[in-house]
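Have the sequence and the 3D view open while you read.

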Amino acid sequence: MENSDSFAILDINLSDKDKDELKKNDGNKKSPITTVIKIQRDRGERDYIGFATLPEQVHRKSVKRGFDFTLMVVGESGLGKSTLINSLFLGDLYKNRKIPDVQDRIEKTTTIEKKTMEIEERGVKLRLTIVDTPGFGDAINCEDSWRVCSAYIDEQFRQYFTDESGLNRRHMQDNRVHCCLYFVPPWAHSLRQVDLEMMKRLHRKVNIVVVIAKADSLTAIEIKRLKARILNDLEEHQIQVYQFPECDSDEDEDFKQQDRELKEAAPFAVVASDIVLEMGGKRVRGRQYPWGIVDVENPRHSDFTKLRTMLISTHMQDLKDVTQDVHYENFRAQCISQISQHAMRERGKLKRDSMGNNNDVVITDTDRLLLQKDEEIRRMQDMLTQMQQKLKASDKKHDSIIDV
């Protein structure tokens, strides 16, 4: 945090002596806001409360705890999924990867492979989990390729719901899938049937970000045409991919311009590479061809930089928020409704068993208690319905509340 930011937050006037003390403490790795509070109190300003340090407290606690992010990559073999992940996070998650031969791919089924790595940048720790789906789209019959991915996402939701409902929630681990990168091959003229079927099954469970793989095999006009067709297919089949949140009116113009560029770039046409080459006296990450070098970080060659900016720098927290507030709440509402319906059936069975075959039915205390519980369950279902309607009204752009 810069000193000028501290002055702006606290809205105070400091003398040159106070500023010198602030700079000295800043060199000792002390918090600027803490130093300003000490200056305030030394000057006898008792009207200063001190809650301006709340952002710093939240920041310090979050950094100490660390962050979790789970990314699922879906696409057939050979589209550069592994290379893109290595390029995004500057690592090598696939050192011991074994590429199956043709014979193995004939009966290949979709499987789940999890890889976790700890990343630290400027004191901020990120626990990154990559969920790969080898075998997707490789078999002759891809009719049920979506089942494994959908089941995995549901299982993570179910595990989180179980942990959340337990007694010890202090050390809960969030393994829910926050984003799904769906790779579309560059030789496809639009979304294929397997792509549409997969997205229809997942779009209400996870944030889908469509990626056009190996964009260096297409011309600029072909990329533009393919993007338009993909967007038309998504709209025609009513598939909700991840929607960028609207910028606040008080954001600066640079941020608004960046947000507009990211929205215009979707779906992202990317080129990935884990090879560093020499080009024009600079070392760049790119791909060497007989006619030249493709710089993956050059906006004219690829949307790689825009995808990395969106996924990591600007919208990672929003992806996690949408997962929590929309997709997980959908799943949670369904679970609660199923539990309530099961409880009602069990109580109804109990009530019928208690009555037996006696025609002279006498309302006992047990029957009266069962009736009260049934009424409570009905009220609970009404509350769930109202909550779903409110969520749907507050976030129409996601259109994600499922009637249960």
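Two strands pair if DSSP finds at least two bridges between them, and the elements themselves are DSSP runs numbered from the N terminus: helices are H or I of at least four residues, strands are E of at least two. What you're looking at is a predicted model, where local features need pLDDT of at least 70, side-chain atom pairs count only at pLDDT 80 or more, and totals for chains, interfaces and linings use all residues. Residues are numbered from 1 along each chain as its sequence is written, and side-chain values use heavy atoms, with hydrogens and water left out.

**The overall picture**

The protein has 13 helices and 9 strands. Of its 404 residues, 40% are buried; buried means under 20% relative accessible area, exposed means over 50%, and partly exposed is in between (1.4 Å probe, protein chains only). The accessible surface comes to about 24,800 Å², with 48% of that belonging to carbon and sulfur atoms. Those areas come from the Shrake-Rupley method with a 1.4 Å probe, and for residues only the protein chains shown count as cover. Among contacts (heavy atoms within 4.5 Å) with a separation of 6 or more, 68% are between residues 24 or more positions apart.

**The six-strand sheet**

An open sheet with mixed pairing is built from 6 strands, in the order β2-β3-β1-β4-β5-β6. Its edge strands are β2 and β6 (268-269), and each pairs on one side only. Strands of a sheet pair through backbone hydrogen bonds, either parallel or antiparallel.

Start at the β2 end. Strand β2 (residues 113-121) runs antiparallel to strand β3 (residues 124-132), and 9 bridges join the two. Here M117 has L128 of β3 as its bridge partner. The β2 and β3 hairpin has 2 residues between the strands, and R122 takes a positive phi near 55° there. Further along, strand β1 (residues 67-74) and strand β4 (residues 179-184) run parallel, joined by 4 bridges. In that pair, M72 is bridged to C180 in β4.

**A helix across the sheet**

Helix α7 lies across β1, β2 and β3, running at about 165° to β1. For angles like this, axes are lines fitted to C-alpha atoms, for helices over the stretch in contact, and values run from 0 to 180 degrees between N-to-C directions. How far apart are the end C-alpha atoms of α7? They sit 32 Å apart, which agrees with the 30 Å that the 21 residues of α7 (residues 145-165) should span at 1.5 Å a residue. That expected span is 1.5 Å times one less than the number of residues. Buried residues of α7 include W146, Y152, F157, Y160 and F161.

**The three-strand sheet**

The other sheet to look at is open too, with 3 strands in the order β7-β8-β9 and antiparallel pairing. Strands β7 (276-279) and β9 (292-295) stand at the edges with a single partner each, so one side of each is left without a neighbour in the sheet. Neighbouring strands of this sheet are turned by 70° against each other on average, direction ignored. Strand β7 pairs with β8 (residues 282-289) over 4 bridges, and E278 stands opposite R283 in β8.

**Salt bridges**

Side chains of opposite charge can pair when their charged atoms come close. The structure holds 12 salt bridges, each being a side-chain nitrogen of Lys or Arg within 4 Å of a carboxyl oxygen of Asp or Glu. Here are some of them:

| Pair | N to O distance |
|---|---|
| D195 and R192 | 3.0 Å |
| K227 and D303 | 2.8 Å |
| E246 and K263 | 3.4 Å |

For the E246 and K263 salt bridge, E246 lies in the loop between α9 and α10 (253-265) and K263 in helix α10, so the pair ties together parts that are 17 residues apart in sequence. E246 counts as exposed at 64% relative accessibility, whereas K263 is partly exposed at 28%.

Salt bridges that share partners also join E76, R192 and D195 into one network. Within it, D195 is buried at 0% relative accessible area, while R192 is partly exposed at 26%.
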